[in-house]
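Please read it beside the sequence and the 3D view.

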Amino acid sequence: MARVYNFSAGPAVLPEEVLQEAADEMLDYKGTGMSVMEMSHRSKAYDTIIKEAEADLRELMNIPDNYKVLFLQGGASQQFAMIPMNLMKNKKADYIVTGQWAKKAYQEACIYGQANKIASSEDKTFSYIPDCSDLPVSEDADYVYICENNTIYGTKFKTLPNTKGKTLVADVSSCFLSEPVDVTKYGVIYGGVQKNIGPAGVVIVIIREDLITEDVLPGTPTMLKYKTHSDNDSLYNTPPAYGIYICGKVFKWLKKKGGLSAMKEYNEKKAQILYDYLDESKLFHGTVRKEDRSLMNVPFVTGNEELDAKFVKEAKEAGFENLKGHRTVGGMRASIYNAMPIEGVEKLVEFMKKFEAENLG
């Protein structure tokens, strides 16, 4: 069977050549006579895999030496607790709530200290990014938290908030490695890899060294201390070994593609094809304020729930998978991550035009 165009928000499409390479190595990784799945994480072969993955990620993102790269488990959702447990020294943090995941992170932080919601776009179903140039940042806030790209609602911070000198913590799960990033602007930048980098089961945390201390909230489990993983180079316990191996392959694929500047250009080109059509369509329209649109997640609706359902059904029959919007918002959503080829978006727009012609009237 031919591969479908997979517009899933995560787990999501991976580069075909990476999957092919992994398939070729499935039974015998580089003459070891075994699969990476079966390999000891303490072996020489695996040590090379994880070290190379880190080195390639550092190169791609230009990560300074005073930042640690941690390959962890528990997904982005576990970071919602890990961040306050490790960083809430004053028991106070400020949250900018621009979607469901930022909201969940905020709710989790409330368990550990005083979390302040200093800006939110919930009043308009998270369809825009609030002005963050002059926010009431708490004087003794330990950090300011954002979710940089909102997978469900399709919004993206184009300008980082003015944190007034406070540490910025960002969940970048759905825009990870989609464009160049200045790591020095963040104290912590993290994301689950299952949207833009690899298979579900790995979360990557890039954290400034001065934020990694023994001074954590009382009762913090050993496994939830950044220091535990930092001191042991992400090998304190068995890591998600196979997932990290695939991430490493994706990093090499990105380098071969020309790195993050080339990726950004490609992603902008891809997104423009879809947004241009949505802006002129008489049937479909996007749901996000233009200046806040994500390059990765594009939500759209017809305005009629039955027609939305019909579109999703017919699109699936035509080989376009996972276009149904998140259950909290309905409609449709096309996630067009790094590995979605440009022809996937072109074919989708072609199909949408056909659907529009047949259903408008």
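Lys-290 and Asp-279 meet through their side chains in a salt bridge, 3.8 Å from N to O; the term stands for a side-chain nitrogen of Lys or Arg within 4 Å of a carboxyl oxygen of Asp or Glu. Lys-290 lies in the loop between strand S11 (285-286) and strand S12 (297-301), and Asp-279 in helix H7 (residues 259-280), so the pair ties together parts that are eleven residues apart in sequence. Helices (H or I, at least four residues) and strands (E, at least two) are DSSP runs, numbered from the N terminus.

This is a predicted model, in which local features need pLDDT of at least 70 and side-chain atom pairs count only at pLDDT 80 or more, while totals for chains, interfaces and linings use all residues. Residues are numbered from 1 along each chain as its sequence is written, and side-chain values use heavy atoms, with hydrogens and water left out.

A search of the whole structure finds 27 salt bridges. Among them is the pair of Asp-134 and Lys-164, whose closest N and O atoms are 2.6 Å apart. Asp-134 sits in the loop between strand S4 (114-120) and strand S5 (144-147), and Lys-164 in the loop between strand S7 (155-156) and strand S8 (168-171), so this pair ties together parts that are 30 residues apart in sequence. Glu-291 and Arg-289 also meet in a salt bridge, 3.3 Å from N to O.

The table gives the accessibility of residues from these pairs. Buried means under 20% relative accessible area, exposed over 50%, and partly exposed in between (1.4 Å probe, protein chains only).

| Residue | Relative accessible area | Class |
|---|---|---|
| Asp-134 | 60% | exposed |
| Lys-164 | 41% | partly exposed |
| Lys-290 | 53% | exposed |
| Asp-279 | 40% | partly exposed |
| Arg-289 | 36% | partly exposed |

Salt bridges that share partners join Glu-52, Asp-56, Glu-59, Lys-252 and Lys-255 into one network. The side chain of Glu-59 makes a polar contact with that of Lys-255 at 3.2 Å. A polar contact is a pair of N or O atoms within 3.5 Å; within protein, one must be able to donate a hydrogen and the other to accept it, and residues adjacent in sequence count only if both atoms are side-chain atoms.

Helix H6 (residues 241-256) has 16 residues, which at 1.5 Å a residue should span 22 Å; the end C-alpha atoms are 23 Å apart, which agrees. The expected span is 1.5 Å times one less than the number of residues. H6 is mostly covered, with 13 of its 16 residues buried. Gly-258 follows H6 and has a positive phi, near 110°.

Two loop residues complete the account. Thr-220 lies between strand S10 (203-208) and helix H5 (226-231) and is buried, at 9% relative accessible area. A polar atom of the Thr-220 side chain lies 2.6 Å from the backbone oxygen of Leu-217. Met-37 lies in the loop between helix H1 (16-24) and helix H2 (44-61) and is exposed, with a relative accessible area of 53%.
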